[in-house]
Amino acid sequence: MILPTETEEARFWAMLEDAWTGLGPGPNEVRRALAKRDVSEDAFEEAAELEEHLPSVLRALAAASADLSAEELTALDRVAERKLHEIDRADVQEVTDGSDDGFLYARGFILALGREFYEAVVRDPGVAVVDAECEEFCYFFAHLHDRRFGGFPETGSGISRESGSNPAGWAV
């Protein structure tokens, strides 16, 4: 089983943060507020606003990845896969709702919002938002790898990002 290195993980978060930073202060203030909000407050409008920005974030992330090697894209995909697997938990699904695919896309949204929001959800699943999704981010680096090098990368992680695949997250 291959785990992401600290350097790979740091690069993943930095690239994602740079992609968001390019949008200016408004969307980033909304992201930070969403991560720090009182979980009893509805966050539907904020999540919907952020969903509208995700195509721009993903375009910026794709541009920043344009010159990466197959190994570098594989490493980024391994980080995404690990992070999605880690929040494949019943307590997170209870908040986000959704079918297996819908829950994967909800986890894609959580991850795509960046480290601060992701870690807030890890600590308190109540920070997650119902019906907020980012399907494209779930296999983002795998698709970049496929387009540039033909085929999805072999991460060697021994895990899956698909919903219900993390036994520890669904233990009763």
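Leaving aside neighbours within four places in sequence, which residues is Phe109 in contact with? The legends below start there.

**View 1. The surroundings of Phe109 in a predicted model.** Leaving aside its neighbours within four places in sequence, Phe109 is in contact (heavy atoms within 4.5 Å) with Ala47, Leu50, Glu51, Leu54, Phe117, Ala132, Glu133 and Cys134. This is a predicted model, in which local features need pLDDT of at least 70 and side-chain atom pairs count only at pLDDT 80 or more, while totals for chains, interfaces and linings use all residues. Residues are numbered from 1 along each chain as its sequence is written, and side-chain values use heavy atoms, with hydrogens and water left out.

**View 2. The largest nonpolar core.** A nonpolar core is a set of buried Ala, Val, Leu, Ile, Met, Phe, Trp, Tyr and Cys residues joined through side-chain atoms within 4.5 Å. Buried means under 20% relative accessible area, exposed means over 50%, and partly exposed lies in between (1.4 Å probe, protein chains only). Among the 46 residues of this core, the ones that touch the most other members are Phe12, Phe109, Phe117, Phe137 and Phe141. Elements giving two or more residues to the core include helix H1 (6-21), helix H3 (44-64) and helix H6 (100-112). H6 gives the most, with seven residues. Helices (H or I, at least four residues) and strands (E, at least two) are DSSP runs, numbered from the N terminus. In soluble globular proteins, nonpolar side chains tend to be buried together.

**View 3. Trp13 meets Tyr118.** The whole structure has 10 aromatic pairs. Rings of Phe, Tyr and Trp (its six-membered ring) pair if their centres lie within 6.5 Å; planes under 30 degrees apart count as stacked, over 60 as edge-to-face and the rest as tilted. The ring centres of Trp13 and Tyr118 are 5.6 Å apart and their planes stand at 50°, so this pair is tilted. Because Trp13 lies in helix H1 and Tyr118 in helix H7, the pair ties together parts that are 105 residues apart in sequence. Trp13 is buried, with a relative accessible area of 5%, and Tyr118 is buried too, at 2%. Ring pairs link Phe12, Trp13, Tyr118, Phe137, Phe140 and Phe141 into a cluster.

**View 4. Phe103 with Trp170 and Arg107.** Phe103 and Trp170 form an edge-to-face aromatic pair, with 6.0 Å centre to centre and 90° between the planes. Phe103 lies in helix H6 and Trp170 in the segment after H9, so the pair ties together parts that are 67 residues apart in sequence. Phe103 is buried, with a relative accessible area of 1%, whereas Trp170 is partly exposed, at 31%. The charged end of Arg107 sits over the ring of Phe103, 4.7 Å from its centre. To count as sitting over a ring, NZ of Lys or CZ of Arg must be within 6 Å of the ring centre and within 35 degrees of the ring normal.

**View 5. Cys134 and Cys138.** Is Cys134 buried or exposed? Cys134 is buried, with a relative accessible area of 6%, and Cys138 is buried, at 1%. The structure holds zero disulfides (a disulfide is a pair of cysteine sulfur atoms within 2.5 Å). For Cys134, the nearest cysteine sulfur is that of Cys138, 6.9 Å away.
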